[in-house]
Amino acid sequence: MAFLCLLPILNLVAVSFSSRSVVEANQVGLWPKGLNLSSYEYIFSNSQFFKSLWITVQRTFFGLIVELSLTILVAYPLSKTNRVFRLRSMYVWFFMVTMVFNGGLIPTYLVVNELHLVNSIWALILPEAIVMFNVLLLLNFFRAIPNELEEAALMDGAGWFVTLTRVYLPLSLPSLATITLFILVRHWNSWFDGLIYMNLPDQYPLMTYLQTMVLNLDLSQLSSTALANNPSMLEITGRSLRSAMILACTLPILLAYPFLQRFFVKGMLLGSVKG
């Protein structure tokens, strides 16, 4: 079953590296036929690809810092009992409502516009800075940590913030790694908000750029000068270029997953069933 899930990816790889004639004849399976790097040459010679890549890298980096910080600061107090945090139940319901209802696309856009965030990278980060699913995952993980550790820290003179940073966070690395992976994948793969909040194509994040190119690809934009300087561009087809772009855009996040996957299952299990 896992191999079957890889078949479409293998086909994309094969198409992106195959020659024009076999791609147009629909003769490419899971292995390239007639090595052809023209699609990748076109992508990496396009300055807009690197602009969009840099925007996505910034968005993912700052989005991870903001969202992970806010998730921790929300989950920690909500993990306490009503005896310690008397308004806990009210805040839990306040956040839980957001999992069922939201303001809608137009009101959200109006808020972002009134805050002068349109055409800003913060428009891609702040509207979804707290995801309640991640809060619940971390909240349940915090509740599974023995209370005796916190009581010992408080008796030694530590405050709530020191207890959080010195006791809870070091013990929560599996859950934090899981949430980190969720945040990275969501920010890297998001394309619709870039289409809504960015007015100029030069400001599109990578997946928004990919979406516009895949839907509106026009190979007639290749200038005669570019073709004269690099005749191999004639080997590009719409299908091979789309395949190469999909791979180039998704490969970085695929490479990040193996470094976090050893925490993934443990963090999901402990954060979802304990508490």
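Visitor: Where does Ile9 lie?
Guide: Ile9 lies in helix α1, which covers residues 2–17. This is a predicted model, so that applies to everything below.

Visitor: Is Ile9 buried or partly exposed?
Guide: Ile9 is partly exposed, at a relative accessible area of 37%.

Visitor: Which residues form the nonpolar patch on the surface?
Guide: The patch consists of Met1, Phe3, Leu4, Leu6, Ile9, Leu10 and Leu30. Together they have about 720 Å² of accessible area.

Visitor: Changing topic: how many salt bridges does the count come to?
Guide: The count comes to 4 salt bridges. One of them joins the side chains of Arg59 and Asp193, at 2.5 Å from N to O.

Visitor: Which parts does that pair tie together?
Guide: Arg59 belongs to helix α4 (residues 47–78) and Asp193 to helix α11 (residues 192–197), so the bridge ties together parts that are 134 residues apart in sequence.

Visitor: And are Arg59 and Asp193 buried or exposed?
Guide: Arg59 is buried, and Asp193 is buried too.

Visitor: What does Glu67 form a salt bridge with?
Guide: Glu67 pairs with Arg186, and their closest N and O atoms are 2.2 Å apart. This pair also links distant parts of the chain: Glu67 is in helix α4 and Arg186 in helix α10 (residues 173–189), 119 residues apart.

Visitor: Which residues are linked with Glu67 in a network?
Guide: Glu128 and Arg186 are linked with Glu67 in a network of salt bridges.

Visitor: What about Lys80, which side chain does it meet?
Guide: The side chain of Lys80 meets that of Glu150 in a salt bridge, 2.3 Å from N to O. Glu150 lies in helix α8 (residues 147–155) and Lys80 in the loop between α4 and α5, so the pair ties together parts that are 70 residues apart in sequence.

Visitor: Are those two buried or exposed?
Guide: Lys80 is buried, and so is Glu150.

Visitor: Back to helix α4. Where does Phe50 lie?
Guide: Phe50 lies in helix α4. At 40% relative accessibility, Phe50 counts as partly exposed.

Visitor: How far apart are Phe50 and Pro205?
Guide: In sequence, Phe50 and Pro205 are 155 residues apart. In space, they are 9.9 Å apart, C-alpha to C-alpha.

Key: Residues numbered from 1 in each chain as written. Predicted model: local features only at pLDDT ≥ 70, side-chain atom pairs only at ≥ 80, totals over all residues. Heavy atoms only, no water. Patch = residues over 30% accessible without salt bridge, like charges linked within 9 Å, V, L, I, M, F, W, Y side chains within 5 Å. Areas by Shrake-Rupley, 256 points an atom, 1.4 Å probe, with all protein chains shown as cover. Helix = DSSP H or I, 4+ residues; strand = E, 2+ residues; numbered from the N terminus. Buried < 20%, exposed > 50% of the residue type's maximum accessible area, 1.4 Å probe, protein only.
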